[in-house]
Amino acid sequence: MTDSQRNPLAARAADPDSTERWSAALALAKVPGEESEDLLVGLLKDEDYRVRERAVASLGLRFNSRVASACAVALADDGNAGHRAAGLILLAKGGEAGRAILLGALQHPSADVRISAATALPGPSPRAETVSAIEAAVRREGDPNARASLILALGRTGRREAISPLLAVLEEGNLWLQVHALEALGSIGDPEIAPRLLPLLGNDSLRQGTLHALARLRSAIAAEPLVRRAAGGELDPFLLAAARAALEAAPASTIASLRPLWPDARSRLLALLEDADGDGSGRTDAAHLMALLDVPGAALAIVTHGPFRDGYTALRSLGRSRAEEALLAVLQLADPEPALELLGALRGGPDAPTLLPLLVHPSPTVKAAVLSCVPAGLVRVSDLIDVLAEDDPETSLAAALALASDETGAPLDQLRTRRRALLDRAGGPDGPGRTAALTALSSADGTDVDAAIRGALVSADPSVREAAVLAGSMGRRLGEHEIVARLSDESPTVRAAALRGLALRANRGDVPAGVTWRDGLVFLVDEAAAAAAAGAAVIALGGPERPRLVEEMLAQEPSVRVAALEEIERTGDAEAARSAVAAIGHEDVETACAAVRALAVADAETAAEALPQALADERPEVRSAAAETVARRPESERGTAITAAVGEALVSEGDRHVLRSLLLAVAEIGTEATVEPLTLVLAQEAVPDEAEGAAEALALRHPDACQAAWTTAPARAERRWARALSTASRRRSRAPRPS
Amino acid sequence: MGPRPLHRLPPALSRPEALVTTRPLELAETVFRLYQDLLRRRTGFLVADLQRSRLESRLGAEARSAGSFYQLYGRLRNEPTSSPLFGRLLDAAVNGETCFFRDPASIRAFSEEIAPERLLAGGQDGVLDVWSAGCATGEEAYGLSIVLHERGILPGRKVRILGTDLSPAHVRRARTAIYGPQALRATSPERRREHFEAAEGGLFRLKASLAAPVLFEARSLLDEPMTGPAFDVILCRNVLIYLSEEARVRVIEILASRLKPGGYILLGASDALAAAASPLTLVRFSHDVAYRR
């Protein structure tokens with residue numbers, strides 16, 4: 001009997017069809033034992049790259065000494081570059097064991113092998129010893145390409161210990177190695193290196209590399225020499241990028257002191273902006289420099305000559321004192337984009353009220369955005385009524401919600417005027433304004449409101465009827481029979497609204513008399529909007545039968561399935577959440593995500609088992625949903641298993657979107673055990689804002705552990721920890737003391 | 001920057017706290033990705049990460065009305081693309097920045113070479129059917145009408161110009177034919193004087209005779225049927241670059257199927273790469289290149 005006959009997976013791994021071999025590599029990941037390991041090792045040299053990738057992923061889950069040995073063999077396979085690359089990837093992910101083999105390979109007689117090993121180094125969490133080992137290899141290496149690869153590896157360690165040997169390379173005078181050393185120093189990102197690099201700007205061969213490194217260092221120290229060079233006429237894209245990075249890092253006082261050094265900055269930068277055929281990134285950096293240097297007329301120049309590579313983002317670099325100038329500039333244009341950029345920059349901040357003048361902008365998009373972000377009390381009631389009367393689909397809802405806001409602090413007579421305006425419009429002719437007024441009135445009480453809602457139920461416009469049903473479902477404005485009657489409305493959106501209304505009441509514990517989950521069944525085959533609402537209603541009305549109903553909903557159409565699973569969290573039913581666990585592995589991503597989100601209300605045991613699995617799911621959407629759900633769990637029930645899983649996920653996550661979700665979770669639930677994995681993230685060159693937020697949150701909760709991390713972290717992480725610790729310390733000192 | 005608060009699902013659809021406050025709701029990163037994915041699947045349109053604050057500003061009222069950005073997503077997911085609510089999402093996501101005569105080379109190729117050739121092919125009573133696919137706020141479609149008037153083709157010959165765009169708001173604005181100075185930044189003073197009238201607020205209104213041959217409709221290119229009214233010329237400039245690879249291929253197929261025999265497609269410079277694999281033939285004109293069926 002052959003191996004293939006004994007083991008069907010072995011047969012598939014040897015199948016001529018690469019899809020079969022790929023499937024075998026996937027299945028073998030779940031089969032323990034040396035036999036399956038050997039099959040996977042064999043697939044590392046497969047001719048199809050997808051099979052090799054799959055084998056690498058499967059072996060990555062069980063990296064051990066046998067796998068490490070197989071990788072060492074792959075590393076020296078001169079005849080199969082794919083095999084070698086697969087081994088390298090595994091070794092790079094293989095922690096200390098993988099790194100030891102890679103460091104050993106730096107002494108291999110073949111320069112190709114040494115270069116491959118250097119390319120995969122330093123691997124995760126490099127320590128000072130790793131730097132020493134690579135530095136030693138740099139010293140003894142005779143091949144210039146291998147040496148250059150090792151220099152770059154030193155940069156990737158991100159550690160300060162690597163700075164000194166890299167600076168030594170700069171002194172050597174070998175241009176090839178100097179360029180690589182500059183690249184590596186940029187990777188380490190320690191701004192304090194900048195003074196050592198600035199003299200190299202005089203060397204024409206190294207100028208570009210030096211400017212590129214300076215742009216990555218983001219050192220305020222470089223701001224003055226770079227501005228002087230710009231003033232001297234050096235306005236190429238490399239210099240502009242480096243100057244912008246330096247000014248972005250510099251405090252306002254430094255920038256103010258630099259302005260006199262470049263008296264003709266306005267005309268020089270404006271000329272670059274006016275050259276529509278000029279280099280795109282250079283023009284973009286020039287626009288930011290205008291704003292950063294607070295050049296008079298910068299706002300108008302940016303608005304007039306934009307959009308740039310990043311749209312009108314340069315407006316965000318303007319100082320607060322230029323807010324009025326920016327407002328006037330964006331009002332010069334009927335184009336909404338610059339105004340929206342300004343709105344985006346100031347939205348939610350203390351300066352949001354200054355955006356009020358934008359209400360006269362001709363674009364309804366801008367008007368709606370202003371009404372959504374300026375405190376409602378600041379907008380004149382007559383203006384709001386005018387906007388509502390325009391009946392524009394873009395602005396009506398924003399105006400109506402502003403009229404209904406309870407944060408206006410307005411006197412009673414003005415509140416009456418606001419309410420009257422909404423009631424008038426809710427009882428007026430059909431149109432976006434009426435729909436909006438009804439929606440806004442859903443948060444108001446009174447018989448006049450009830451009458452307006454009832455009147456709208458018989459409107460000819462389905463949008464108006466839908467808004468009326470939803471508004472009437474709040475409180476007890478409409479009786480059950482009135483909501484149920486809308487289930488036979490001719491419009492699916494109105495039927496959906498009625499079903500949502502019933503679900504809402506059930507979730508409030510106000511189960512409509514005579515209505516059961518069975519009433520929703522007939523709508524499961526309705527049009528998409530109504531069917532999804534029916535799925536949610538069945539779960540909301542399910543009561544003790546809910547866990548069984550959840551299982552049955554999994555057999556429905558995707559939109560129904562997802563809506564039903566999402567309803568579980570609103571019901572708060574832990575048993576139903578447990579029933580949803582099986583759907584986490586569902587092939588439909590949205591279904592899987594909805595099942596994960598239901599875990600927010602699952603019992604501690606179910607969550608501790610299912611969430612770590614979801615955090616390790618192959619699909620980034622599912623991992624992201626799991627990270628969000630972790631943070632929504634009750635604080636007392638998060639558990640160490642979940643926290644540890646978040647830490648592990650943080651280290652291995654390759655998708656930046658998921659990483660962001662994980663960092664947000666760390667900010668909420670991170671413990672001392674999360675400090676080390678977070679340090680690895682903070683050591684990277686480009687980290688999401690959320691990483692610094694997570695660091696601040698941890699520094700606030702676990703200052704000692706974060707201080708310890710700070711003292712041993714790589715250069716970039718060290719700086720970021722320092723900032724986080726300092727911010728946390730300031731916050732602690734500001735916090736009120738218990739009396 | 002401090003930690004961004006996590007998106008939280010409200011406990012129920014109960015009286016939405018969001019409705020009675022004007023504190024801006026936040027579009028969490030993870031929820032934004034759901035919007036990105038929804039738009040990509042439905043329209044092929046790729047929303048850049050930078051657009052997050054744009055969606056946050058523009059959909060603030062709708063999100064407040066739904067309870068949160070996540071709940072708004074839940075509703076949008078089950079809405080047809082043609083619904084008013086989905087239209088609001090499209091309005092929020094699609095950038096309509098353009099101007100009249102943005103690409104003079106292409107306009108010259110159209111008015112001096114392609115349009116005369118197609119009119120000749122159509123005979124004396126033939127109709128020149130033109131489609132500006134992804135017309136934003138109508139500058140390109142109206143610009144074609146202007147150059148056809150300048151060349152003396154209009155009003156004598158029968159010309160129909162259709163402009164379509166994903167965003168209903170863009171189409172509403174296009175129908176007004178009123179523009180600000182930014183939209184006319186590449187328009188010569190002579191053309192401004194000749195073809196536009198002053199409108200309120202320092203704006204410019206296109207003369208009615210020039211607007212007459214142009215019609216606008218809001219719809220997605222992916223929703224276009226493979227069979228339908230055919231066109232002599234289709235302009236689809238700087239649209240494909242915003243679409244996913246899969247959607248680009250599909251749109252090229254649709255556009256090609258909607259050309260009259262011998263008709264032309266004019267693409268943007270970066271769009272042209274996507275057409276390389278299509279059944280169309282590249283034709284060089286004095287001022288631009290086009291693809292012919």
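User: What share of chain A counts as buried?

Analyst: Buried residues make up 53% of the 739 residues in chain A. The model is predicted. To count as buried, a residue needs 20 or more other C-beta atoms within 10 Å of its own.

User: What makes up the secondary structure of chain A, and what does the chain span?

Analyst: Chain A comes to 46 helices and 0 strands. Its C-alpha trace spans about 90 × 85 × 60 Å along the principal axes.

User: How do you know what share of the contacts in chain A join residues at least 24 apart?

Analyst: Start from contacts between residues at least 6 apart in sequence. Of these, 65% join residues at least 24 apart.

User: Which residues of helix H9 of chain A are called buried, and what covers them?

Analyst: In H9(A), residues 111-120, the buried ones are Arg114(A), Ile115(A), Ser116(A), Ala117(A), Ala118(A) and Ala120(A). The cover includes helix H6 (65-75), helix H7 (81-93), helix H8 (95-105) and helix H11 (144-157) of chain A.

User: How many residues does each chain give to the contact between chain B and chain A?

Analyst: Chain B gives 45 residues and chain A gives 63. Residues are in contact if their C-beta atoms lie within 7 Å. On the side of chain B, the elements giving two or more residues are H1, H2, helix H3 (60-66), H4 and H5. H3(B) gives the most, with 5 residues. By class, that side has 17 nonpolar, 15 polar and 13 charged residues.

User: Why is H1(B) called largely enclosed?

Analyst: Buried residues account for 12 of its 15, so the rest of the structure largely encloses H1(B). Among them are Val31(B), Phe32(B), Leu34(B), Leu38(B) and Leu39(B). Glu29(B), Arg33(B) and Arg42(B) are buried too.

User: What do the buried residues of H1(B) pack against?

Analyst: Both chains take part. From chain A come helix H40 (620-632) and helix H42 (656-669). From chain B come helix H2 (52-58), helix H4 (69-77) and H5.

User: How do you know whether the span of H1(B) agrees with its number of residues?

Analyst: Count 1.5 Å a residue, using one less than the number of residues. For the 15 residues of H1(B) that should give 21 Å. The end C-alpha atoms are 21 Å apart, so the two values agree. After H1(B) comes Gly44(B), with a positive phi near 75 degrees.

User: Where are the domains of chain B, and how many Å separate their centres?

Analyst: Domain 1 covers 17-93 and domain 2 covers 104-292. Their centres, taken over C-alpha atoms, are separated by 30 Å. The contact takes 9 residues from domain 1 and 15 residues from domain 2 of chain B. On the domain 1 side, helix H1 (29-43) and helix H5 (84-93) of chain B each give two or more.

User: What makes E3(B) and E4(B) edge strands?

Analyst: The open sheet of 3 strands runs E3-E5-E4 in chain B, with antiparallel pairing. Strand E3 (178-179) and strand E4 (196-199) each have a single partner strand, so one side of each lacks a neighbour in the sheet.

User: How do you know that E4(B) and E5(B) pair?

Analyst: Pairing needs at least two bridges. E4(B) and strand E5 (residues 203-206) of chain B have 4, and run antiparallel. Therefore the two strands pair. Ala198(B) stands opposite Phe204(B) in E5(B).

Definitions and conventions:
Residues are numbered from 1 along each chain as its sequence is written. Chains are lettered from A and ligands numbered from 1 in the order in which they are written. This is a predicted model: local features need pLDDT of at least 70, side-chain atom pairs count only at pLDDT 80 or more; totals for chains, interfaces and linings use all residues. Domain bounds come from an automatic or database domain assignment. Two residues are in contact if their C-beta atoms, placed from the backbone, lie within 7 Å. Ala, Val, Leu, Ile, Met, Phe, Trp, Tyr, Cys and Pro count as nonpolar, Asp, Glu, Lys and Arg as charged, and the others, Gly among them, as polar.
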